[in-house]
Amino acid sequence: MQVTELRYRAADRVLHIAFDDGARFALSAEYLRVESPSAEVQGHSPEQKRLIAGRRHVGIMKIEPVGHYAVRLHFDDLHDSGIYSWAWLRKLGEEQAMRWPAYEAALAAKGLSRDPPGR
């Protein structure tokens with residue numbers, strides 16, 4: 001699986017990604033941030049995954065290639081420790097319709113918001 005296009009539109013904070021088999025996804029910076037593959041977010045097991053709130057307006061400042069298999073995304077909230085492999089980006093794209101509502105439900109269950117504190 002190879003990425004044939006990776007384009008970030010800062011105006012709408014969306015990463016557009018296309019794969020060599022024709023699959024295409026539009027992933028918001030917020031979604032990518034709260035689903036970061038970093039240990040800081042994912043933990044070392046599913047039970048350790050952290051719920052990240054307040055990132056509605058997060059953007060991507062820099063996209064750094066990691067070999068021929070991944071990118072490191074540098075977010076404007078200074079998170080930059082996740083390496084987004086092509087497989088992880090594909091999974092996020094394919095599972096977005098399931099993951100996003102689950103994320104919003106988890107926030108609501110804990111009384112948290114997508115908005116940063118003070119908004």
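Tutor: L78 is exposed, with a relative accessible area of 67%. This is a predicted model, and L78 sits in its loop between β5 and β6.

Student: Why is L78 called exposed?

Tutor: Exposed means over 50% relative accessible area. L78 has 67%, so the label exposed applies.

Student: What is the phi of L78?

Tutor: Phi of L78 is near 75 degrees, a positive value in a residue other than glycine. Most residues other than glycine have a negative phi.

Student: Which label does R13 get, and why?

Tutor: R13 has a relative accessible area of 30%. Buried needs under 20% and exposed needs over 50%, so R13, in between, is partly exposed. R13 lies in the loop between β1 and β2, and its phi is positive, about 55 degrees, although R13 is not a glycine.

Student: What makes β1 and β2 a pair?

Tutor: Two strands pair if there are at least two bridges between them. Strand β1 (residues 3-9) and β2 are joined by six bridges, so they count as paired, and they run antiparallel. In β2, R7 has H16 as its bridge partner, and V3 stands opposite F19. The two strands form a hairpin with four residues between them.

Student: How do you know that β2 also pairs with β3?

Tutor: By the same rule of at least two bridges: β2 and strand β3 (residues 24-28) have five, in the antiparallel sense, so they pair. H16 stands opposite A26 in β3. This hairpin has four residues between the strands, and G22 takes a positive phi near 95 degrees.

Student: Why are β1 and β3 called edge strands of their sheet?

Tutor: The open sheet has the order β1-β2-β3, with antiparallel pairing. β1 and β3 each have a single partner strand, so one side of each is left without a neighbour in the sheet. Neighbouring strands of this sheet are turned by 15 degrees against each other on average, direction ignored.

Student: What makes β2 mostly covered?

Tutor: Five of the six residues of β2 (residues 14-19) are buried, and buried means under 20% relative accessible area.

Student: Which strands make up the other open sheet, with β5 in its order?

Tutor: That open sheet has three strands in the order β4-β5-β6, with antiparallel pairing. β4 (60-66) and β6 (83-85) stand at the edges, each with a single partner strand, so one side of each has no neighbour in the sheet. The twist averages 30 degrees from one strand to the next.

Student: How do you know that β5 and β6 pair?

Tutor: Three bridges join β5 (residues 70-75) to β6, against a requirement of at least two, so the strands pair. They run antiparallel, and the bridge partner of V71 in β6 is Y84.

Student: Where does α3 lie?

Tutor: Helix α3 (residues 86-109) lies across β5 and β6, at about 75 degrees to β6. α3 also lies across β1, β2 and β3, at about 85 degrees to β3.

Student: What makes up the lining of the largest pocket?

Tutor: The lining has six nonpolar, no polar and four charged residues. Among the lining residues are V34, E35, K49 and Y103. The largest share, four residues, comes from α3, and the pocket volume is about 160 Å³.

Methods
Residues are numbered from 1 along each chain as its sequence is written. This is a predicted model: local features need pLDDT of at least 70, side-chain atom pairs count only at pLDDT 80 or more; totals for chains, interfaces and linings use all residues. Side-chain values use heavy atoms; hydrogens and water are left out. Axes are lines fitted to C-alpha atoms, for helices over the stretch in contact, and angles run from 0 to 180 degrees between N-to-C directions. Contact means heavy atoms within 4.5 Å. On a 1 Å grid over the protein atoms alone, a cavity is a set of points where a 1.4 Å probe fits but cannot get out, and a pocket is an open set with protein on both sides within 12 Å along at least five of seven lines; lining residues have an atom within 4 Å of a point. Grid points are joined across faces, edges and corners, and a volume is the space filled by probe spheres set on the points. Ala, Val, Leu, Ile, Met, Phe, Trp, Tyr, Cys and Pro count as nonpolar, Asp, Glu, Lys and Arg as charged, and the others, Gly among them, as polar. Buried means under 20% relative accessible area, exposed over 50%, partly exposed in between (1.4 Å probe, protein chains only).
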